[in-house]
Amino acid sequence: VNTQTWKNVYKKDHKKKKRMNICHRGYILNHPENTLPAILESFKHGYIPEIDIEMTRDEHLIVFHDSNCYRMSNGKSSLKV
């Protein structure tokens, strides 16, 4: 889905005074957060996913919310972007 599509959805819903349902980090009831399945599942249920996209030093894009790996793994390192 491109940026223009999001703008059109917002304008359409905003004019109708309709609430937009947003899933923080995707639909995480059935899938791990910030994964493609969680993002796609949010659309299936009528939600717009909100995700954090960062670029690493070596210019790779990643979807990750936290500044370290503690909560999501047994890793002990920081995420350095």
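Predicted model: local features only at pLDDT ≥ 70, side-chain atom pairs only at ≥ 80, totals over all residues.
User: What makes lysine 44 count as exposed?

Analyst: Its relative accessible area is 65%. Exposed requires over 50%, so lysine 44 qualifies.

User: Which residues of α2 are buried, and why are they said to line one face?

Analyst: Helix α2 covers residues 36-44, and its buried residues are Ala38, Ile39, Glu41 and Ser42. Viewed down the axis of α2, these buried residues fall within an arc of 165°, so they line one face of the helix. Among the elements covering them are β1 (22-24) and β2 (48-50).

User: Why is serine 42 called buried?

Analyst: Buried means under 20% relative accessible area. Serine 42 has 0%, so the term applies.

User: What does serine 42 touch?

Analyst: Leaving out residues up to four places away in sequence, serine 42 touches Cys23, Gly26, Tyr27, Tyr47 and Pro49.

User: How do you know that serine 42 has a polar contact with isoleucine 39?

Analyst: A polar atom of the serine 42 side chain lies 2.5 Å from the backbone oxygen of isoleucine 39. The cut-off is 3.5 Å for a pair of N or O atoms, so the distance of 2.5 Å meets it.

User: What makes the pairing of lysine 44 and glutamate 41 a salt bridge?

Analyst: Their side chains meet at 3.8 Å, N to O. The criterion is a Lys or Arg side-chain nitrogen within 4 Å of a carboxyl oxygen of Asp or Glu, so this pair passes. Both residues lie in α2, 3 residues apart, about one turn of the helix.

User: Is glutamate 41 buried or exposed?

Analyst: Glutamate 41 has 12% relative accessibility, so it counts as buried, whereas lysine 44 is exposed.

User: How many salt bridges does the structure hold, and which residues join arginine 25 in one?

Analyst: There are 2 salt bridges. In one, the side chain of arginine 25 meets that of glutamate 33 at 3.3 Å, N to O.

User: Why are arginine 25 and glutamate 33 called buried?

Analyst: The relative accessible area is 13% for arginine 25 and 14% for glutamate 33. The limit is under 20%, so both residues are buried.

Terms used: Residues numbered from 1 in each chain as written. Heavy atoms only, no water. Buried < 20%, exposed > 50% of the residue type's maximum accessible area, 1.4 Å probe, protein only. Helix = DSSP H or I, 4+ residues; strand = E, 2+ residues; numbered from the N terminus. Arc of directions from axis to C-beta. Contact = heavy atoms within 4.5 Å. Polar contact = N/O pair within 3.5 Å; in protein donor to acceptor, adjacent residues only side chain to side chain.
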